[in-house]
Amino acid sequence: MPKESSHDARGAAALHRVVVIVDENSNPFELGCATEVFGLHRPEIGRDLYDFRLCSPEPRTLMRDAFFTLTGVAGLEAADAADTLIVPNRPDVDVPRRPAVLATVRRAHRRGARLVGFCSGAFTLAEAGVLDGRRATAHWQWADSFRARFPSVRLEEDVLFVDDGDILTAAGSAAALDLGLHIVRRDHGAEVANSVSRRLVFAAHRDGGQRQFIERPVPDVPDESLAPVLAWAQERLDAPLTVSDLAACAAVSPATLHRRFRAQLGTTPLAWLTGERLTLACRLIERGESRFEVVARHSGLGTAANLRALMRREIGLTPSAYRRRFGPEVAC
């Protein structure tokens, strides 16, 4: 890994800078997730999205039970230039973090940088004192330990990730990809996030409120996978679909469909359908559709008033504000 940015110097100053702190015994999986989401060149989009860097408190860092050794990256001073700082995560959650790392996190927080913790990274943020009184999540395996050590943090243990504005945390392992794509969506819009997810061959959108642990028993015959009904619904989002329609497609009762959604996706059929329609509405706006009645109709949300209410509630932006931020005129 080079010491400097994964991008060349041309135009890098204009990019949002994401810095990952890697410390002793850090998990390589979450580092790989961060690299895949924030560190790659994006020829499929036609522009790079972030200026990505790694840093470490030591010139040579042994990662996860010494299976990997990281060398050749910048020192902790690189974190002082981060717009988004991803803090270390590691399996030995009861071992105190380095004072230098905690001081770096506190400095970043004071100057207004966005902080991100993947998996046990919430322990780093909490130990630095920046999560007091804030919402956060961590891997379900360590929920009791986290709550006992940091009672002032509002832990939400049964969700994939928590977006608390300038501090975002994700549950274990693959939820790092969910949070990473959520950040891309927040920064660059649904169309770009969908492009990144396609390259990752990963689900474009799993809501942060979905459950961490989802029961997926080996299905009996006949197959009870939701994939066919999800694909069927995604092709008909502009139609007035109801939960009863989804159940009829799956040839089950609405109650059975609800149970399968809870077991396989950790959400309800209606919440999933609304999320898919909102994502489609955002993409239509990004592609240049300025008539919000048309956006609402083609995304299955009905009226512009309903579109406005749902976008304000779920995304935090009105359709007009979303167009100003992510519309075609700002896509380059």
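**A tour of the Phe123, Phe146 and Phe150 ring cluster**

The model is a predicted one. Of the 332 residues in the chain, 50% are buried.

With contacts drawn between residues at least 6 apart in sequence, 64% of them join residues at least 24 apart.

Now turn to the aromatic rings. Six aromatic pairs are found across the whole structure. Select Phe123 and Phe150, one of these pairs, and examine the ring geometry: the arrangement is edge-to-face, with 6.1 Å centre to centre and 75° between the planes. Phe123 belongs to helix H3 (residues 121-127), whereas Phe150 sits in the loop between helix H4 (143-149) and strand S8 (154-155); the pair therefore ties together parts that are 27 residues apart in sequence.

Colour both residues by relative accessibility. Phe123 has a value of 0% and counts as buried. Phe150, at 13%, is also buried, because the cut-off for burial is under 20%.

Finally, show Phe123, Phe146 and Phe150 together. Which residues do the ring pairs link into a cluster? They are the three now on display, Phe123, Phe146 and Phe150.

Note on methods:
Residues are numbered from 1 along each chain as its sequence is written. This is a predicted model: local features need pLDDT of at least 70, side-chain atom pairs count only at pLDDT 80 or more; totals for chains, interfaces and linings use all residues. Side-chain values use heavy atoms; hydrogens and water are left out. Rings of Phe, Tyr and Trp (its six-membered ring) pair if their centres lie within 6.5 Å; planes under 30 degrees apart count as stacked, over 60 as edge-to-face and the rest as tilted. Helices (H or I, at least four residues) and strands (E, at least two) are DSSP runs, numbered from the N terminus. Buried means under 20% relative accessible area, exposed over 50%, partly exposed in between (1.4 Å probe, protein chains only). Contact means heavy atoms within 4.5 Å.
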